[in-house]
Structure formats: C-alpha cells, structure tokens
2 protein chains.
Amino acid sequence: MSDRADFLSRLEACLGAQSVLTAETDVEGFVEDFKGRFKGTALCVVQPGSTEDVAAVVRLCAEHGVPLIPQGGNTSLCGGAVPSDESGRPVILSLSRMRRMRTIDAVNGTMVVEAGCVLKSVQDAAAEVNLLYPVSLGAEGSCQIGGTISTNAGGTNVLRYGNTRENVLGVEVVLPDGTVWDGLRGLRKDNTGIDLKQIFIGAEGTLGIVTAATLKLHPLPSCFSLAWFAPSSIDAAMRVMSMFRAAASSKLSAFELMNRTQLDLVIRHVRNRKAPLANSADWNVLVELSDVREQAELDDLLQDLLAQAIEEGLILDAVVATNDSQRAELWEVRHSVTEANKSAGIGLSTDCAVPVSAVPQFIDQATLAVRSHYPEMDIVIVGHMGDGNIHFIPTISFERWKAIDDKSAVSAGVRRLVNDVAHKLGGTFSAEHGIGQTGVLAMADYKSDVELRLMRLIKQAIDPQNIMNPGRVLPR
Amino acid sequence: MSDRADFLSRLEACLGAQSVLTAETDVEGFVEDFKGRFKGTALCVVQPGSTEDVAAVVRLCAEHGVPLIPQGGNTSLCGGAVPSDESGRPVILSLSRMRRMRTIDAVNGTMVVEAGCVLKSVQDAAAEVNLLYPVSLGAEGSCQIGGTISTNAGGTNVLRYGNTRENVLGVEVVLPDGTVWDGLRGLRKDNTGIDLKQIFIGAEGTLGIVTAATLKLHPLPSCFSLAWFAPSSIDAAMRVMSMFRAAASSKLSAFELMNRTQLDLVIRHVRNRKAPLANSADWNVLVELSDVREQAELDDLLQDLLAQAIEEGLILDAVVATNDSQRAELWEVRHSVTEANKSAGIGLSTDCAVPVSAVPQFIDQATLAVRSHYPEMDIVIVGHMGDGNIHFIPTISFERWKAIDDKSAVSAGVRRLVNDVAHKLGGTFSAEHGIGQTGVLAMADYKSDVELRLMRLIKQAIDPQNIMNPGRVLPR
C-alpha cells in the first residue's frame, strides 16, 4: 500500500535509510524477545541516534496514527518490548544507538546517560570515579538504562538502595506528540508541583519514550562480608533478618532466600556449582554486609550476629566467605538459578511481593494451594527476602508438561493460585518484572477499579491517540 | 442566600453540626496561617472524623461546585493551607480529628496512620518499637502527616533518609469526585502500572485529599557522633563533605552549613545560645554521624576524618560533642535560626536547591547579585549543604524596611535575583517549602511550558471541576 511506502520514505528522510530496518533478517532480533516466548510483526525497526531523531519519529507516528513500541535491551520477562500480534502495524523504536554518557558529576553524585547505555557500562563508569550505581540484576550485561527506568527495575540491591525509581533524579522524555521534556535535573530536593518523572518511571513506555536520565550515585562500598547459612525454619530466617536489620541497618545489603529444591537444581544443572554447606537444608540464606571501610569491623559484626543466632537456635549451620573468591563463589550459586531452572523443567515463575512480615505465611499458603491442586509439581523458591519479593516457581518436568493438553489453562491456573495468596496478604502479583503483555489480565483481576480508572485518565490525558505501546499494562 | 444555607445544612447532616464551624471566632485559627502572613475568608471549616466523612464532604462540594482547601497543622510557609481571598466561597477541610494510628508492623517496618496525626507523635510511636520515622523538621510538634505528604516535606534528615516521598509506601486518598482510593500498600516492590501515590505526594492538595498513609520505618540509630567546625572556606567545606561522604557513606546523617552572620544572629537573639567555637569564623558546619551500634567506632571515624581535614588545612577549628547534652546544645544552635532571624529584621528567605557541586557558585553569585542591587542588606545563609538546599536570606533591619515604599517589589526583586542564580545553575526555587500561594508566579517564571502543560493535563484529568485547592501550585 502506498500509505505504508509513503510513511516509510518519510521515516527514511528523517533518519537516513540505514536507520530504518524492514528486511526480515534485519528485524528478526527485534520482533521476538530474548527467551523466544513472544513474537509479533512490525512495520519496521527504527534506530534513532539522538533525542531529536526520536522526537521526529514520534511526530511522524502521531501524524499517521502509527503505534510505537520502544525497545531497549529486549530483556523483558513479560513481552513488554516486542509486538504482540501479526498486524504488522507498529514501529519498533530501538534506543540502542543512544548510548552516550553525557556527563558525570562526582561531587554531586550524579551522571546523565542516554537511554541506550547498557546497565553494566553505567555501573563501570560510576566505579571509575569511586561511585556506585546500585541497580544490579541478572540481565545487566545487556539491558539498557531506558528499559530499567521504564520498568522500575529491582534486582538484588533493593534492600539497601531501593528500586530504580529511588535512583533516578531526572529524565528526558519524548512525549506522544513528539514534544521533548527536558527533566534532567540533578537535585536531591525539588518541590515544584507534581513530580512528573514519577509517572514515566515504571510506565513501560505507555506515556512516552525515556531518552536520557540523571542517575543518583552512591559511595562505592569497598568492604563486603558475606555468609551462607541454613536457618532452622522460615520463621527463624525472619528472626535472623530482623536481628541483622536492627544491628547492621543500612550495612545490610542482601538477604536472599532459597529453598532446598532450588539449591539442588543449581548444584545438579549448573557446572562447577557446589553446595555451600555440608548438609543439605530446607532453607538457605545468603546474607551480605557492605560498607565503605573497616573490613575487620564488618567481619566482626557478621560473626557476632551469626554467633548470636546460632546460640538462639535460629541457625543450623553457616559458612562465612573469608576472601573475595569465596564470596564470588557463593554469589554465583545465587546467580545461577535462572540457568538451573531452565534445565530443570517448565517453571511457572511468579513475581510476588508481600509485606516482609508476611513472607512465611505467603510461602506456607502458596505451597499448600499449589500442592493441593497440582501435586505433581515441585515448588522452587528463590527470592529477595529482605524486601518481601519471593519468586515462587511451581516446576514440572518436560515430559509431564508435554502431556498436558491445555497448557495455558494450567499455567494461568497455577499463577492465579499463587497471586491470589499474595493479594490476600496485601501483596502484589508483580514486584519487579512489570506487566508487559503477560500481566494485563492480572491487572484486571487485582487492581481496583479506582486505580485502573486513575491510570486510564492519565494515559488518555498524555497519550490521547493511544500510540505509545498500546495494549500494554492497562486492560481494555 | 438560601443556596449557602442549604449547602451548610447538608454538610451538617453529613458530619453533625459540631463538626461544621462558621462562627468567626471558631474559624479564625483556620483562615490565617500560623505566621499571620496569609489570610482569607471561608464558607466554613469542616472537621471530619473519618475517611467516609471526608468522602461525603467532597461529594457534596463536587455536587455544588464548592472549592475545598485541605488543611493539616497549618504550618505552611507559603500560604498553602488557607484561603487566598475574601470570596468566602471555599470550605476548609481540617484533618485534625483524623489522628488514629491504625496499625504498626515492626517486622515489615511500616505503620499506617491517619492524615491528622502530628509528625512528632508518629516519630514517638515508631521509637517505642525501636524504629525510626526519619522525616524531621522545625514544625514537627504541630505539622501533620497529611501535610508533610502533600508537600513532600524535607528537613534535616534528607541527606540520609530522603524526602517524605522516599518514606511513604502507600496512601489513602479521597479523589475530587468523592471516591476513596485505598492505596495503603506496605510493599518495597510493586511494579503494576503507574505508581499512583507519586502524583499525590507533593501535589499540595490539588488532586485529592490524603486521608492516611503507610509510612516506611528504619532501624532506630542509637549512636551519634557530632562535631561543629569552621572550614577554611566554602570550597574547603565542600571537600570535607566529600571526604565524609566517601568514608562514612550512609552513616553521614547531617551536614548543615551556616555563615558567620547567621551564627551571630543566633547568639545575639536567642537566649542561652553560645558560640560553639572560641573564634568567630566565616563559615560553620555541623556534621553528624549516626549508626545503630558501636559508639566508639563512630567516634573514631569522626575524629579520624576531622584530623585528616585539619591536616589538609580544610578546617580551622573544631569541637566534638562528648556527651548527649553537648550534642543537643550544638543542635539547638542550628534549630534556633528561625527564632533568631525573626528578631533580626525582615528576612527575605529563599528555598533554593542546586546540584551539591554548585553550592559554592550559588553562594558566590547570589551574594554578588544581591549585594550589587541591595547593598544595605545582610546576607544570612543557613542550609542543608549535604543535599544542596541552601536557605539564602537577604535580611534588612526593621527601620530600613519600614522606609521602603513598594515592599512587595523589593521582596519580589530580591527573591528573583537569588532564584535566577539557582535556576541558571540547574537548581530550583523551591527545594522543600513548596508552592502554595507565594510560589505560583515563580512557577510561570521557571518551569518550562512542557512541564506546566503536563501538570495541567493531569490536574484536568483528575479534577476537571477544579475544586481541589484551586489557584494553588499552577499559574493560570
């Protein structure tokens, strides 16, 4: 159709032909997610190199009513950055070429980076000036800053440093009409009306395209003290966590939980991983303290607290990392769960968070619910216990999964059981992964009418044409 | 008029007559701010006792198109909570009767409190279970939680714990149509669409009425180590701050700056305040470290850092508090500035924040600008240097002020000079006090068209009748 050809030639006139991809081989890496679970078709992929280019593309799309899907490192776990159907209508806007680090201000503790910067490269640039950008997660080698902001990424450092939201001081956004909002302030305090950046953080690209951000940096910790231990029960783990929080305060940087099934999968399926403790235990915790100096003080604190917990019968066994390589080894056990679980079967993963105090109830009740309906499933549990975010993953062998007729009914049914438990305990069905395509129905199930109405009012006000990542986040 | 009488009788039917105040003597404490600088008239003052009562009042106001002014402790510094004119139309909705602390969950580190709870009572309730609600400011004995949330209050603990925004996990809001949004979640992680609470925090009551909140609590620090020192220059103060930040990280809980003029005013005008150092210095800094245990370690850290800074010639003189009463005494010097400045003359106070790295330039340039236009003014400087928030206060004697014809032109002119400097350095004219009535013109001066348009779109979407605190925050 000539409309399509006309639109594409206008895009090419804007960006140059080399930045507008239409050939199937060129676009295939963009229309499918990295896990190969979501795939659709697109009109084209554009790769703008600057904020002005992004604005020009958005203006053109607004004029033609063409939907836009912003895409960063394409590491979404819920199909947030790829087309969801075969309409072939949307333009995928890749931020990958926008990877300039514009400025770094070590005294203010801020850096301004473009959306396409890979998270790892931002962490590295901060570390070069002895500062820390604390957001850290499995995909950090490929996910991009724009994506982490649009999804308010979490990860393993939330306990100490908060989510991405708490580490963003300003954003630059191309709005759905192509206007550029320069909100790149680097201020700790600014009370001048609605804090606009907040609506774009976590909006998953439905309100505009984040093209750059001012990030908050922290003093780089240089001392770490880490232990792996087996609590005598999940309640004991809770009590140990309270002890650590009270005595270590913000020096407590990780409190990660794993059940026996999860640890067994890591040992079995991932090469070179070995069990941290001599005897296998029902529950495993990795606890880490970090600080900017005085390694000995930090070690003493960890030892004191562990000794106290052992004396109180809360801990059955523990091992303390005595050097950096032991520390890395224990973290590798934690970081190997995704790889292990892929080999173990089909994991119907969930991403609930509950109030920290409700973690034991959540685990008990979700286990009971899944066990009673699906006794053939193994329960794999791994989570950021310190912030109440537990990945509860009912897992089934490949053979058994193959034999199931209505796979999507089973997968939806299992997740519903787990999410219902979290919801009843005042929790959420999506702590850190976001909504994308997969969570839209759950939004209808778990968010109140008032909340959905408020979100729709804001969406309509800012994107009245509904061209920004349509069909995501909000149920129809 | 009978419309008025009809409306009032419907209000009384909702709330009971004793909760609808119309007599002049009953309303006078509500129509004027605590400093006596802003005054207007109101149709009445209502004192609902529950969220349902608030919702009923708002529904009635929506039906009759009557504007509402929510009011907490009435401690706004910019006329945010009192009527601005003599129309006599608005209803003042006082939250003072809603002061229930609904729940406290020590393991989750959260408490749910109603909007009318006084900040100090919330701090005390948290301390009873060995936890800290960190928002702390001069008015804490009378300001209310709802007001601190609606203004995103700052204070002296922002450096360590962030603004109010960072310490609120959930809110309950009565929307402009009288619907109640129950957003009282107590989760550290919840990525399910737009984070709606963020638009109400800092909106100064223009989008709805915050009736309750879930607050985030922290481990209660039990060790404090504090010093007062004279840096050799403002640049030296910056370097000392960087040293402290790098070596103490989140143990650094205050870094407060005062110039010689400010300290002199405190000594001269406030009874029982004495100079911390033997010799008067151009600049004074109060630095505080805090932690949950190991007083000796904290003291050592402070002493080490001070010694290092003295050796490098960055500090001329210093005194370390060796016990709690010395510590309290030094803090009292800092906390006495408002009282001192009231006696000293007319202070044209400002509330700028700039990037921390730009604090010396801000002080230099603002001093130069004010001195060259108003050589008769003293420059009083007091601020939260650690987060870039400097209260730069050109001050003039009562006699000289009396002699000025066009006082509002002088006051606007002085503030404009200071705010312009901050703006050019990437700063803001309102770091922690908010907009209220006094900042509305500055919003037009300093916020971009894009920002104002986005704020208006959100305001129109959520309060299409414009009944929530009309005329505040957004310029016409």
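1. In chain B of this predicted model, five strands form an open sheet in the order 5-6-10-8-9, with antiparallel pairing. Two strands count as paired if DSSP finds at least two bridges between them; strands (E, at least two residues) and helices (H or I, at least four) are DSSP runs numbered from the N terminus. The edges are held by strand 5 (101-105) and strand 9 of chain B, each of which has a single partner strand, so one side of each lacks a neighbour in the sheet. On average, neighbouring strands are turned by 15° against each other, direction ignored.

2. Strand 5 of chain B runs antiparallel to strand 6 (residues 110-114) of chain B, and 4 bridges join them. Within strand 6 of chain B, Val113(B) is the residue opposite Met101(B).

3. Two helices are placed against these strands. Helix 4 (residues 119-128) of chain B packs on the sheet and touches strand 5, strand 6 and strand 10 of chain B, its direction making about 35° with that of strand 5 of chain B. Helix 3 (residues 51-64) of chain B lies across strand 5, strand 8 (168-174), strand 9 and strand 10 (209-216) of chain B, at about 45° to strand 8 of chain B. Axes are lines fitted to C-alpha atoms, for helices over the stretch in contact, and angles run from 0 to 180 degrees between N-to-C directions.

4. As to the interface, 81 residues of chain B are in contact (heavy atoms within 4.5 Å) with 81 residues of chain A. The two chains bury about 6,600 Å² between them, 56% of it on carbon and sulfur atoms; this is the accessible area (1.4 Å probe) lost on putting the parts together, summed over both. In chain B, Lys189(B), Asn191(B) and Ile194(B) lose the most area to chain A, together 13% of what that side buries.

5. Between chain B and chain A there are 14 salt bridges, defined by a side-chain nitrogen of Lys or Arg within 4 Å of a carboxyl oxygen of Asp or Glu. One of them joins the side chains of Asp304(B) and Arg293(A) (3.5 Å, N to O).

6. Regarding the numbering and thresholds, residues are counted from 1 along each chain as its sequence is written, and chains are lettered from A in the order in which they are written. Local features need pLDDT of at least 70 and side-chain atom pairs pLDDT 80 or more, whereas totals for chains, interfaces and linings use all residues; side-chain values use heavy atoms, without hydrogens and water.
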